[in-house]
Amino acid sequence: MKALLNLFLKPNCPLCNRPANTELCDYCQRQLLRCRFPQGTKFATEIPLCVWGQYKDVLKRAIAALKYNHHTELAKPLGYGLAETWLSTPREMSSVTVVPIPLHVAKLKKRGFNQAELLAKSFCEITGLSLVAHGLERIKETEALHELSPEQRFKKMQSVFNLGQDFRRRRPPGSVLILDDIYTTGATVKAAIDQFQHAKIPVAGVVAIATTQKSVISKSKKSRE
Ligand SMILES: [Zn+2]
């Protein structure tokens, strides 16, 4: 009887509308795992970068459902997955504070939540790291970055962030770990790193749920992202 009741009470899978026992149905859960990178995938970036999966298929749809269709519950499986991947790779662990990439206040008002902050909350539940939601502040709104060339992106991202109110009040005890939902060219993250380095706050690494980059970048292809 209880199982029957649960069948009616549980919300369906936000991606395919099938009955679901967790945030996603079993089918989408399996499809999601197919987007995951092999554990320990390394990206040749100056600052250690850890990404959960390829920005495609179900992972792409899950992030879109989270951001644009208010399926904030999806921050849990995505944030947990990222945390597990991060914990399985060599990493800086002591005195690390997690800082999500912030939205501009106008966009935050429109969306009602910052998806990176929700993901960071789930990430910190598993890793046990402390979260500082307003370590950064976005002072410039940037739209439709995907239409720009990498050069234009970097230009546009200059002085997009300020140190946020939390760190203006009290600096982090150690280093920061920057968390974003999607890592594309790295322009956003680079701007955030620049801001922290300017404030002499060490950056331990960057974590993201998904990337448009193909997988392991060869070491010879020196990246500035
Ligand atoms: Zn589903």
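View 1. Histidine 104 sits in the loop that runs between β2 (96-100) and α5 (105-111), in a model that is predicted. Because its relative accessibility is 17%, and the limit for buried residues is under 20%, histidine 104 counts as buried. When neighbours within four places in sequence are set aside, histidine 104 is in contact with Arg138, Ile139, Lys140 and Glu141.

**View 2. The zinc site.** The zinc ion is held in view with its protein donors, the SG atoms of Cys13, Cys16, Cys25 and Cys28, which lie 2.2 to 2.3 Å from the ion. The angles among the four donor atoms are 100 to 115 degrees, and the site is tetrahedral; for four tetrahedral donors the ideal angle is 109.5 degrees. Cysteine 13 counts as buried, because its relative accessibility is 1%, whereas cysteine 16, at 26%, counts as partly exposed.

**View 3. The nonpolar cores.** The largest nonpolar core has 39 residues, and those with the most contacts inside it are Leu59, Leu78, Phe123 and Leu179. At least two residues of this core are supplied by each of α2 (26-33), β1 (49-54), α3 (57-68), α4 (75-87), β2, α6, β6 (175-183) and β7 (203-211). Apart from this core lies another, of 28 residues, including Ile47, Val99, Phe161 and Leu163. In soluble globular proteins, nonpolar side chains tend to be buried together.

**View 4. Phenylalanine 123 within the largest core.** Phenylalanine 123, one of the residues with the most contacts inside the largest nonpolar core, is in contact with Gly79, Leu82, Ala83, Trp86, Val98, Leu129, Leu177, Leu179 and Val207, leaving aside neighbours within four places in sequence.

**View 5. Confidence along the chain.** The mean pLDDT of the protein is 87, with 88% of its residues reaching 70 or more. Confidence is highest in helix α6 (residues 115-127), at a mean of 98, and lowest in helix α1 (residues 2-9), at 58. Over residues 217-225 pLDDT stays under 50, although the model has 17 contacts for them beyond four places in sequence. Where pLDDT is low, the predicted coordinates should not be read in detail.

**View 6. The whole protein, for orientation.** The secondary structure comes to nine helices and seven strands, and 49% of the 225 residues count as buried. Of the contacts between residues at least 6 apart in sequence, 73% join residues at least 24 apart. The accessible surface comes to about 12100 Å², of which 52% belongs to carbon and sulfur atoms.

Note on methods: Residues numbered from 1 in each chain as written. Predicted model: local features only at pLDDT ≥ 70, side-chain atom pairs only at ≥ 80, totals over all residues. Heavy atoms only, no water. Donors = N, O, S within 2.8 Å, 3.2 Å for Na, K, Ca; no water. Tetrahedral: all angles 85-135°; square planar, octahedral: opposite > 155°, others 65-115°. Buried < 20%, exposed > 50% of the residue type's maximum accessible area, 1.4 Å probe, protein only. Helix = DSSP H or I, 4+ residues; strand = E, 2+ residues; numbered from the N terminus. Contact = heavy atoms within 4.5 Å. pLDDT = per-residue confidence, 0-100. Core = buried A, V, L, I, M, F, W, Y, C linked by side-chain atoms within 4.5 Å. Areas by Shrake-Rupley, 256 points an atom, 1.4 Å probe, with all protein chains shown as cover.
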